[in-house]
Amino acid sequence: MANGEVKTISSTSTNEQDKDLFRACLGAGAAMGVVTSLTLQMDDDSSFKTGGSLVFACTNKVTAKPFLEKALLFLTKVVLPLPSVSMEIVITSDYTLICTFMFYDTFDGEPEEFVQQLRDDAKACNVPCVADSVTSHGSYFASASSLWEVIGNMKGGPLVRLDHCIGTNRAPSAEVLDFVIEKWVGEFLAMAPLSLVEIRTLGGDGIESNNLPSGNTKCLFFADMIVSYDGSVVKPEDKSIISKEVHDIISEAKKIPSLNVDFSGTHCQPDDSVETLPNGDVIFGSKENYEFVQDVKKKNDPENRFCFHPFTHLI
């Protein structure tokens, strides 16, 4: 704690102040103290049935756009209503689309048949499927970590990152899907060659169980913009162009009423313009929870010793 005290807190703490501190740490822990260890309550790993990926080589945005439209329709119309399946679409800077699926133990169909529509859509769009292994993952960890090799290649001297996210509490509207296709998958992909766009749904208990109070658990559909490049290679004028495009995209996203923008707090940068920064109601899930977190902060760290991004402008 800020005063040097060491605490062990949990959801079953009997002391009211500790109980409040535990709740506040579910989303704002870095602003409350230094967390030295965690004990996690885990689900049985049998909830995962199988998973894997389909990889499509689109080569450019012109080719990728019609197929991405169909893939997003499949994600929102077929996958999103089902708690037994989750799906992630990753678009890389060379416009490779990686569609990763997780099938949970409540899924009673055949995974190969379930994803056939995507294969057919790719063929109709003249997009080759260069890897097809939708049942190759034997565990949740294998699926969750399948992109770590791609992320591990994000290196630079220095590595520059501009991360943002958007999401919807319900199935995304046509306006949101158009925005993702036309704007979110931006020109920065070509200028910042280590970048990724991730578009995901929740699945399994993520849809049906009680959520944490922070804002990022409210979204059924969400997209991450991971703008990344080697700072020693990209020209200064191109850095400015990339930064302006990213800020313009976020400003446009905030104009769409159904979109939550940068709701996790970590998907924004300390030097973002004030108008693009997320507010506390969004990050902490509600005005009530935001005020609660502020109150716990004042009680436990009145001198604001733990003050750093992304909470500096909030608490």
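1. The largest cavity in this predicted model is lined by Lys 61, Ala 64, Lys 65, Leu 68, Ile 91, Tyr 95, Leu 97, Ile 181 and Val 185. About 50 Å³ of space lies in that cavity.

2. Sorted by class, the lining of the largest cavity comprises seven nonpolar residues and two charged ones, with no polar residue. Lys 61 and Lys 65 are among the lining residues, and Lys counts as charged.

3. Helix α2, which spans residues 61-79, gives the most to this lining, with four residues.

4. Over the whole structure, the search finds three cavities of 30 Å³ or more.

5. A separate point concerns a helix pair. Two packed helices are described by the angle between their axes and by the distance between those axes. For helix α1 (residues 16-28) and helix α12 (residues 287-300), the angle is about 120° and the axes are 9 Å apart.

6. Angles of 65 to 115 degrees count as roughly perpendicular and those over 145 as roughly antiparallel. With an angle of about 120°, α1 and α12 are therefore oblique to each other. The crossing of α1 past α12 is left-handed.

7. On the α1 side, the contact uses Gln 17, Asp 20, Leu 21, Arg 23, Ala 24 and Ala 28; on the α12 side, these meet Asn 289, Phe 292, Val 293, Val 296 and Asn 300. By class, the contact of α1 with α12 has six nonpolar, three polar and two charged residues. Asp and Arg count as charged, and Asp 20 and Arg 23 belong to α1.

Definitions and conventions:
Residues numbered from 1 in each chain as written. Predicted model: local features only at pLDDT ≥ 70, side-chain atom pairs only at ≥ 80, totals over all residues. Heavy atoms only, no water. Axes fitted to C-alpha atoms, helices over the stretch in contact; angles between N-to-C directions. Helix = DSSP H or I, 4+ residues; strand = E, 2+ residues; numbered from the N terminus. Parallel < 35°, antiparallel > 145°, perpendicular 65-115°, else oblique. Left-handed = near helix turned anticlockwise from the far one by under 90°. Contact = heavy atoms within 4.5 Å. 1 Å grid on protein atoms, 1.4 Å probe; cavity = no way out; pocket = protein on both sides within 12 Å on 5 of 7 lines; lining within 4 Å. Points joined across faces, edges and corners; volume = space filled by probe spheres on them.
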